[in-house]
Amino acid sequence: MMKKFTALFLFFSIVFAIVLNSCKKEPVEPTIPEVPEAPAPTPTEPTPLPTGVSVDLSTVPYQKLSEYRFFKGQMKDQVPEDGVMPYQLASSLFTDYALKKRFVWLPSGLKGTYIADNKIIELPVGAALIKTFYYDNVQPSGVTKILETRIMIKKSTGWIFAEYVWNEEQTEATLQMDGSNIPISWSQNGTIKSANYRIPSALECLTCHKTNNNPIPIGIQPQNLNNNFTYTSGTFNQLQHWVSKGILENNLPANIVSTIDYKDSSKPLRERLRSFLDINCAHCHRENSHCDYRPLRLAYSETILPENMGICVTPDETLDPMLIKIILPGNFNKSMMHFRLSSTDESNRMPLLGRTIIDEEAVQLLKDYITSINDCNG
Amino acid sequence: MKKILLSTFIAIFSQGIAQAQQSCATAQVINAGVYGMTAINGTQVPGSICISGSLTATAANWYKYTPTQDYAVTITSDFPSNGLTDNRVNVYTGSCGALTCVDGDDDSGNNALCVVTFNCTANNDYYIVFDNQWSSNGFMFELIEDTIQTPNPTNITFSPVSLSSVSGSVMAAVDMNGDHLDDIVSVNATTIQIRKQNSNGTFTTSNYTTTTAQNTPSWSLAAGDLNEDGYNDLLYGGGSGVTFMISDSGGTGYTQVSGPEYVFSQRSNFVDMNNDGHLDAFVCHDVAPNVYYINDGSGNLTFNQGGVGDHPNGGNYGSIWVDYNNDQLPDLFIAKCRGGAGTAKINELHKNNGNGTFTNVSNGTNMADPIQTWSSAWNDFDNDGWMDVVVGASSNADGMHKFMHNNGDGTFTDITSGSGIDTYPGMSIEYVSYDFNNDGFADVLTNSNILYNNGNNTFTTVPYSISVGSIGDLNNDGFLDVLNGSTLHLNQGNNNNWLTVTVEGTNSNKNGIGARVEIYGAWGKQIRDVRSGVGFRYMGTLNAHFGLGTASSIDSVIVRWPSGNIDLVCNPIKNSVLHIIENSGVVPTATFTAGSNTIDEGQSITFTDASEPCVTSWNWSVDPASGWQFTNSNSSSTNPTITFNIPGTYVVSLEAINGNGSSTNISVDTIQVNSTAGLTETALSNIVLYPNPVNNTLHIANGNFGITGVRMFSILGEEISVSYSTNDSSLPVTHLKSGTYFLELTGNNGERVVKRFTKQ
C-alpha cells in the first residue's frame, strides 16, 4: 500500500505517524522529522547548483519569505529547494512546545569550517540559516499551523536577522521586525495547552544571539550536530553528511565532544541536564553574553565544573530567603534554578526569552538530577 | 551511611528520644541540650507558621521549654551530621489551643538547616515545633540558653502581618485616592486591587477589573496622577511593552492604554520631564535607548525614544530622578548593567536642562562607573543639602558598591573606603534609601539588611528578615513599613520624632513629583526629593518622610516645586503629617511696635518687629526721607534703632518677607519729634524759603520773626556751616552739592523752626 504513495506523501505520513505515536508517551520535539534533502549527486557529476534559491545580499531581507525560494511546491509544506540542507540539533531551545524545522543554505561552492566542538561552524558570507516554528493539533480544528520563520543571513558585515510571520492562509510570510504576540491553543499529548506565543523583535533576537553585541547563530556547533539525521536517502551523521555534500570542510577531528537529546530518558541525568542547559541557557550564561556578570557558565563545555552549573553556589540575588543555592544538592525546593525554570513570571523565569509557559519535561529533569546528587561535586 | 551516623550522634548526645512529642498536649519537655528524633511523625500540625512560606506539612514534632530565667534561646539543627535533611522550626508561646507566634526559621543554617534565636521570659511556656514541610527524616537539634543582649535602642524591629485575599502581585505602597495615606496596590492582568488605608488604621479593599493588560508589571510598576483627577494612574513595565492604567474621574475604574512599541522595560518612573506642569513617564529599556511618554495635559501620551540615555545596546536598569545640582529640576541617574565587552554597563547621569532636553554629565561628575548595578540609593546622607548616592552592586563582576559624596559643585567623590559600604558583602538588584529609625539620617535598605547611617558618612549593617519591596507608612505612625509580597512588615518604631510632608502641586504636577522638601531645625537641614519609582521594581510612598531623632521641634519646612515656586511653613508640629499645597504658603503679616511715639529731636527710638509667620527679611522705611538716621542698624534689620534729628512728624513703615513672598500689608506708625525749644511749627508757618529750589542765594521771608540763629543740616543730619546775612535775610548756597537740606532757625525768644529746601 505505502509503496504506491509519492515520496512526498510518504514523508508526511511518516512524520504524522511519528508525531501521533510520540503523543502517547513523550513530547513531540525529540521526534526527528524526516525531511527530503536535495537529490543525491550522481558519482560522476558535480553537485547540482542551487538554482532555485535567491539570497541577494544587497537587497535582503526581502519583504516576503517566498522571495528567497528556499522551498519547493507549497511553501507551507517546507520541502527544501535543492541545496537547502535540513538539520537538527541534539537538544533544542524550548519555545512553548513549538515544533521546528531547520535548514542551512550556502552559496554554491562555498563551505563551512569546523573551528571547535563548541564553537559555531564558521559559515561563508552569503550563508543563510532558516528556522520555521509551527504547532500541530492547533485548536479548535486540530490543524498544523506555521507561525513564523526566522532567518539569519551572513553578510560581509556580519549576521543579520529576518523575521517572517505567516498569514492565516499559510501561503506567505511577511517581514516583521517589531515583535508581536499570537495567542494559540494546541493539544499536547492529549492535553490542551495555550500560550500567548511571542514573535520576537529584532532586539529580542539580538539579546540571545550575540557575543559582545555582535549577532551570531547559536545552534550550529559541531557538538550539537554530531548525531544521525534521517534524510530521504538514508540516515547519516549530519556532520559527515555535510562534508560529503560539500558544504563543510573535511577537517573534522576524530572525536567530537557532543551534547545529547535532553529528552532521551535512556541517557544519564547529568548529561541530559548539561545538554538542556547548553542550548537553553548558555547563550546568556557564558563569557561576553547578555548576563555574563552572573557566576553561571552553562555551556556544555563548561558545566563539567559543578560550580559553573551553580551547584552549591549562592545566588547573587535573594529572590526568596528559601532559595539558598542555585542548585542545593538533594533539595530542589531550595534551589534557585528549579524556581526559575518553574516560573512563568517574566522577571523570575529562566530562560528569560523564548518561553511563556513551563517546560514540564525540563523541570522534571532538573528535579530528578538535583534529587540524585548529595554533594557539591554534582 | 547517613542514618548510621545520625544514630550514633543521637546515641551519644541526646538526652532521650521520647515518642511523647506527637502533639502540643503531649509535647516533650526539654531544657538546654542536644536532642534527636528518628522521624517527624507527630500527628498535630500547627494551624499556622510564624515565618513566610507555605504550610502543607502533614506531621510535626512538639517540644515544650519553660525557662527558669530570662534567656536568649537558640534552637539550631545546623549540624554537619544532619546532612541534607531540610527541616523547619516554629516557636510558639501560650497554651495549647491558644498559641501565639514567637519566631521561626527555615533555612538560616547550612544546607537549608534551621537556626533561630528568640528572647524568652522566665516561667513562660514555649513550644518548639518541627514540621515535615520538606522532609520527614529525623535529625538532631540543640537548645542553647544565653543571656539576653540589650538591642541598640535606635534600631527598629518589624512585626509581620499577613494580608488576606491578596489578588495578584503586591507592587505598591502609595496613596491612590488623594488622601495622602499610603494604600496597598496589587495587580494582575485583569485586576487592580487597592487596599485603601483609612484614617483609623484599617484598610478597605476594592477590586477594579481591567481589560486584560497587554503588559503586566513584571519588571516594574510606577504610580502618578497623569490626568490630574486626584486618583493615581499606574504604569506597568512589561518585558515586551508598556501599559498604562488610567483612572476614570472619581476613581471608580481604570482604562488601559498600551503602546504598540517593543520595550524591554526595567525601572519606570513618573516625572515631569519637559517641565510643563504635566507628569510624563520614563521607562528604562534593557536592550535599546530609553523610552518616555510625554503627556500633553489633555490625556494624550506621545511615545518618544532618544535623548535620555541613548546607548544603542541599552543596559538601562535602575532609573532614579534626583536633583543632584539643586537647580530645582529633577535630573536622571541610571544604574546600568550588561554582560560582555562594551560600554552599555557604564552608569549614566543626565542633567536636566529645564527645556525637555538632557545632557549626559556622567564623566564630568565622576559617575561613569561600570558597576553591574540595577538600582542606586540616593539621599543626603550627611545632611549637607546635597544628594549623595550608594550605587549598589548586583554582581561583583565589575566592582562592588560605591558610596559617592556630592560635593555641591557638580562633582562627586568616592568615599566608599571605610564607610561600611566597602565591607558590606551582599549583592542585590534592590537598593533604596529611607530613614527607617527616624534618627534624622537616611539609611539604606537592601535585601535582608538595613545599613544604618551613623551620621558621619559611615554605615552599620543590621540583618533583617525582610527584603526590598514597596515602602510606605501603612499605619500612619511616622515609621516606614515594608511590603514583601502579602506580608506587611510593620515598623515597630522607637522614641524618635518625625515629620511627614505631603505635597500637592498646582502649577507643578499634581503629585508634586520632582519637588524638593527641606526641613530646618536643631539638626540644620534635611532634604528629600519626591520621587515616583525608586529601587528596581516596586513603587513606594510619594510622601516625604523625615526622622527628627530627639529634636522636639522643627523651625520650618520649605518646598521647592518643579515650577520654580517655593512654599514655606514655620514651626510645624512634630510627629504629624504636614500637607503643603503649591502656592498656599502664607506670606507674613507685617506688624511692629515703637519704643515711643513722641520724642525730642536728636533722640532715638527702637522699633521691634512682631511680623508672622516665618519672616526671613525686613524692609524698613521712614517718610519723609530725611531728618533721621539708623543707629547701629539699617533698613533690613529686624529691630532697628532710628535717631530723629529734626522736629516734625514721621511715618515709619515695615514690609516683612518670607519664603512665600512679601507681606500684603505695610505696617505703619507715626512718630512725633518735638523741638527741644518747645515751640510748635504751626506758629512759625509763615516763614518761607525762596527761591526753592535754589541755585546761589537762599532768602528767608520771615515776616515778624526775628532771626537770631541759623543752622544748616544735610539730609543725613550732618551740620553744615552757614554764613547768614542779616542785611537781606539771605545765605549763599552756591557751594552746596545738589540735594535736600534743612535750616534750623532760632527766633528772638529762643523758638526754633526747621524748613527744608532743595539745592539744584
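1. In this predicted model, helix H5 of chain A passes helix H7 of chain A in a left-handed crossing. The contact draws on both helices: H5(A) supplies A:Leu269, A:Arg270, A:Arg272, A:Leu273 and A:Phe276, while H7(A) supplies A:Ala362, A:Leu365, A:Leu366, A:Asp368, A:Tyr369 and A:Ser372.

2. On the geometry of the pair, H5(A) covers residues 269–281 and H7(A) covers residues 360–372. Their axes come within 10 Å and cross at roughly 135°. Angles over 145 degrees count as roughly antiparallel and those from 65 to 115 as roughly perpendicular, so H5(A) and H7(A) are classed as oblique to each other.

3. Chain B has an open sheet of four strands, with the order S23-S24-S25-S26 and antiparallel pairing. Which strands form the edges of this sheet? They are S23 (316–322) and S26 (358–360) of chain B, each of which pairs on one side only. From one strand to the next, the twist of the sheet averages 25°.

4. S23(B) runs antiparallel to S24(B), which spans residues 331–336, and six bridges join the two strands. One of the residue pairs to look at is B:Ile320 with B:Phe333: the latter, in S24(B), is the bridge partner of the former.

Definitions and conventions:
Residues numbered from 1 in each chain as written. Chains lettered and ligands numbered in written order. Predicted model: local features only at pLDDT ≥ 70, side-chain atom pairs only at ≥ 80, totals over all residues. Heavy atoms only, no water. Axes fitted to C-alpha atoms, helices over the stretch in contact; angles between N-to-C directions. Parallel < 35°, antiparallel > 145°, perpendicular 65-115°, else oblique. Left-handed = near helix turned anticlockwise from the far one by under 90°. Contact = heavy atoms within 4.5 Å. Pairing = 2+ DSSP bridges.
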